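Please look over the sequence and the structure below before reading on. The paragraphs that follow lead from one part of the chain to the next.

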Amino acid sequence: DPVATPDISSCGPPDQLPPSANVLTCCPPPSSASPVDFAPPADASSSPLRTRPAAHSAGADYVAKFNRAIAAMKALPADDPRSFAAQASVHCAYCDGSYSPDGFPGLDLQVHNSWLFMPFHRCYLYFFERILGSLIGDPTFAIPFWNWDAPDGMSMPAMYTDQSSPLFDPRRNGRHVPPKLIDLDYNGREPRFTDNQQVDHNLRVMYRQMISLSPTPSLFFGSPYRAGDDPNQGPGPVENIPHGPVHIWCGDPEQPAGEDMGNFYSAGRDPLFYAHHANIDRMWAVWKGLDPRRHTDLTDPDWLDASFLFYDEDPKLVRIRVRDVLDMDRLRYRYQDVPTPWTSARP
Ligand code: C2O
């Protein structure tokens, strides 16, 4: 059977927090109504296509608009499910043991380290983006992606490092500010590469994770995770690397648990989280495009019917299934088309 999130009334204290975390609850604000089933945006005319831009190449107007949207979200009170604080808590709730899968009160629900990783985060970004757009009255608003898989995107995008911006987060690694290049398989030790070597290394890492290690859907998405299973059945190659290393590279090693980006419970507090995950989500689409005949979504009903709860922009509580989010056109968003130089970087 598929994993399902139970009603938020059974959301409890997160029992998987690191000992240093000072958090009592990650649960979303209660809802007076029961969840409604997700419906995609009605049609193209009422819901224009949103194009998510590469963060490093976004223009000043876009950056100003995005700053306004994040500022508006941060200005909402924490008991508003659309607030930045509540959005950040979503990650903690689904990753640090606030829920048990519906029907299995003894188990923790965990959306990482399994085939739920890609679809859960797609849902999360979908609602986050629509809330931002509605807060600034722009139905075309799209969140940026951190294009760390291409040379021009391999440092922290500048819009996030301006200390006066709501996109800034002080809990980051102070040594990893631009123009420092990211190491896509960072393990806590600084590699001794020149910039050219680092770029080359990163492209080979991408080739290895996206192509060599991801020839089939079951390898790409990660291990099955069904109702009643223990969590953490096994991540897919992209969840493993570069997803994890990018988190660790961003978080502050002086903080007790690598906050913010370096720990599940705090990662959503850094606005950079959502740009990192937009690129992860883009990798799903890129992977499908590399070999449309063999790189398909999974067809197992226990994957397709797995479901999560989110608040939308209204805000109303929505139950959304994996099968609802397989088609980006239907969700009315796409990614700016940028080169993928790693496709020819065979190690
Ligand atoms: Cu939900 Cu990047 O982790």
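This is a predicted model: local features need pLDDT of at least 70, side-chain atom pairs count only at pLDDT 80 or more; totals for chains, interfaces and linings use all residues.

Residues are numbered from 1 along each chain as its sequence is written.

N232 has a positive phi of about 60 degrees although it is not a glycine. Most residues other than glycine have a negative phi, and most peptide bonds are trans. A residue is called buried if 20 or more other C-beta atoms lie within 10 Å of its own, exposed if 12 or fewer, and partly exposed in between, with C-beta atoms placed from the backbone. N232 is partly exposed, because 13 other C-beta atoms lie within 10 Å. G228 is also found in the loop between helix 5 (217–221) and helix 6 (237–250), and it counts as exposed because it has 12 C-beta neighbours inside 10 Å. The C-alpha atoms of G228 and P178 are separated by 45 Å, the two residues being 50 residues apart along the chain.

Eleven of the twelve residues of helix 2 are buried, so the helix is largely enclosed by the rest of the structure. Among the buried residues are F84, H91, C92 and C95, and what covers the buried residues of helix 2 includes helix 1 (60–75), helix 3 (117–135) and helix 7 (264–267). Just after helix 2, G97 takes a positive phi of about 85 degrees.

For "binding site", in an unreviewed entry, UniProt lists H91, H112 and H121. Although these residues are spread over 31 residues of sequence, they cluster in space, with a largest C-alpha distance of 10.3 Å. UniProt positions are given in the numbering used here, feature names are shortened, and annotations may be inferred rather than shown by experiment. H112 has its place in the loop between helix 2 and helix 3, and it counts as buried because it has 20 C-beta neighbours inside 10 Å. Leaving aside its neighbours within four places in sequence, H112 is in contact with C95, F117 and P235, where contact means that the C-beta atoms of two residues, placed from the backbone, lie within 7 Å. H121 is found in helix 3 and is buried, with 25 other C-beta atoms within 10 Å. Not counting residues up to four places away in sequence, H121 touches H277, I280 and D281.

Over residues 270–281 the chain is 83% helix and 0% strand, with the end C-alpha atoms 18 Å apart. N113 is in the loop between helix 2 and helix 3, and has a positive phi of about 60 degrees although it is not a glycine. With 20 C-beta neighbours inside 10 Å, N113 counts as buried.

The remaining stop is a pair of strands. Five of the five residues of strand 3 (residues 307–311) are buried, so this strand is largely enclosed by the rest of the structure. S307, L309 and Y311 point one way from strand 3, whereas F308 and F310 point the other way. Strand 3 and strand 4 (residues 317–321) pair in the antiparallel sense over five bridges, pairing being assigned if DSSP finds at least two bridges between two strands. Y311 stands opposite L317 in strand 4, and a hairpin joins strand 3 to strand 4 through five residues. P315 is found in the loop between these strands, and a cis peptide bond, with omega of about 0 degrees, joins D314 and P315. A cis peptide bond also joins E259 and D260, with omega of about -5 degrees, and D260 has its place in the loop between helix 6 and helix 7.

Methods: Helices (H or I, at least four residues) and strands (E, at least two) are DSSP runs, numbered from the N terminus.
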